[in-house]
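Here is my note on the structure you asked me to look through, written as numbered points. Please read it with the model open beside you.

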Amino acid sequence: HRQSRRGRDSNDSQKSALGPPSDRMDDAATPVPWRSVLPILGVMFVDGVNMMLVFPFVPFLVRSTLRLSLEDPNTPLMSGLMGAAFLLGQFFASPVYGPLSDRRGRRPVLLSCMAVSTAFLLAFGLAESYWFAMACRFLQGLSAGALTVGKLYLVDISDATNEARIFSYIGVAMGSGAICGPMLGGLLSSLPPASAPDGPIRLVLERYPYLPPCAAAAAMAGVVWLATALHLRETLHQGDASLSAALMAPPRTSPRLRTPRKPLSSGAAFVAGPARTTVAGGGPLPRGRGALAADAHAEGSEKGRRGPADAQADPARRSGCEL
């Protein structure tokens, strides 16, 4: 008891000398590559903005395109369908972008998704019919693979020491975009056309009242796209094993346990198993307390059956059971 207590005291003194576990982890953690992380977070921010931008003015767009009155009960239903069109397209397309980025590379797929999704957002702002706006919204979600590819990119540039810190910023980026999107959409969609100066701008606002929020979000996406194109490097190169292939590969065959067959002399010997269990291609497996107790029980039964003389004639086996 005194020896075990002294051992625990020495371990505690060594841990206190090393400092708290969090400090030791921070010292050993790989620095976050912010030059690559920040563009991806910007892409996720823009994705959140584009997803939530249209919700403040969708009911007004539905009423104006379908010529519905304020009391028409179909307005909530048609608005909900248009709001769900984006997520429906994202639902169908998201499983495709992971394998596609494995084959074509993260960077080109990410930039292509941003460009196509932004183009459909602008088309949504120019919509003059309900079904055209619905189609644009669905196609925008269908091409919104930046979130999926961005997460895969963060997996490529992180390791076990900094991935928790890097991935915690995904919620910050998406949440910030989801907050700014409705604010931007509600603010710019309420601009009266009369506030614009006479000329083409006023004519455009009178004909397309919901184009300003879509154009502002597209301009923001263009800035992020340019920064991503300039600063983001490709993480997949020819000859590298793809992440999806590694995840989908069948697991290696586990080593089979083989037990040499030996004649069993009694029921106790069957429970204990006097044979040593080995791993294919290796040595004997370590035996736990239960296995040692079973060996001792089997040895005691065999000693009672053989008699005292036989038990004294085999001191090596007795010492093994005591160990």
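1. D159 sits in the loop that runs between α8 and α9, where helices (H or I, at least four residues) and strands (E, at least two) are DSSP runs numbered from the N terminus. With a relative accessible area of 30%, D159 is partly exposed, given that buried means under 20% relative accessible area, exposed over 50%, and partly exposed in between (1.4 Å probe, protein chains only). Although D159 and A29 are 130 residues apart in sequence, their C-alpha atoms are 9.0 Å apart in space.

2. A word on the basis of these values: this is a predicted model, in which local features need pLDDT of at least 70 and side-chain atom pairs count only at pLDDT 80 or more, while totals for chains, interfaces and linings use all residues. Residues are numbered from 1 along each chain as its sequence is written, and side-chain values use heavy atoms, with hydrogens and water left out.

3. For the chain as a whole, there are 16 helices and two strands. The protein chain has 323 residues, of which 35% count as buried. Among contacts (heavy atoms within 4.5 Å) with a separation of 6 or more, 72% are between residues 24 or more positions apart.

4. How many salt bridges does a search of the whole structure find? It finds three, a salt bridge being a side-chain nitrogen of Lys or Arg within 4 Å of a carboxyl oxygen of Asp or Glu. As background, side chains of opposite charge can pair when their charged atoms come close.

5. One of these bridges joins D102 to R106, with the closest N and O atoms 2.8 Å apart, and both D102 and R106 are buried. R106 also forms a salt bridge with D156, at 2.7 Å from N to O. This second pair links distant parts of the chain, since R106 belongs to helix α6 (residues 106-125) and D156 to helix α8 (residues 146-157), 50 residues apart.

6. The bridge between E128 and R207 has its closest N and O atoms 2.9 Å apart. Here too the pair links distant parts of the chain, with E128 in the loop between α6 and α7 (130-142) and R207 in helix α10 (residues 200-207), 79 residues apart. E128 is partly exposed, with a relative accessible area of 46%, and R207 is exposed, with 52%. Salt bridges that share partners join D102, R106 and D156 into one network.

7. Please look next at N50, which is placed in helix α3 (residues 34-52). N50 counts as buried, at 5% relative accessibility. Leaving aside residues up to four places away in sequence, N50 touches L121, R137, Q140 and A217.

8. How do α3 and helix α11 (residues 211-231) lie relative to each other? Their axes (lines fitted to C-alpha atoms, for helices over the stretch in contact, with angles from 0 to 180 degrees between N-to-C directions) come within 10 Å and cross at roughly 160°. The two helices are therefore roughly antiparallel, on a scale where angles under 35 degrees count as roughly parallel, over 145 as roughly antiparallel, 65 to 115 as roughly perpendicular and the rest as oblique. The contact involves residues of α3 including R35, F45 and N50, and residues of α11 including A217, M220 and H231. By class, this contact of α3 with α11 has nine nonpolar, four polar and one charged residues, where Ala, Val, Leu, Ile, Met, Phe, Trp, Tyr, Cys and Pro count as nonpolar, Asp, Glu, Lys and Arg as charged, and the others, Gly among them, as polar.

9. Helix α9 (residues 163-189) also packs with α11, at an angle of about 135° and with the axes 8 Å apart. That angle makes α9 oblique to α11. The contact is formed by L184, G185, L188 and S189 of α9 together with P212, P213, A216, A217 and M220 of α11. By class, the contact of α9 with α11 has seven nonpolar, two polar and no charged residues.

10. A last point concerns R67, found in the loop between α4 (58-66) and α5 (74-104). Its phi is near 55°, a positive value in a residue other than glycine. R67 is exposed, with a relative accessible area of 67%.
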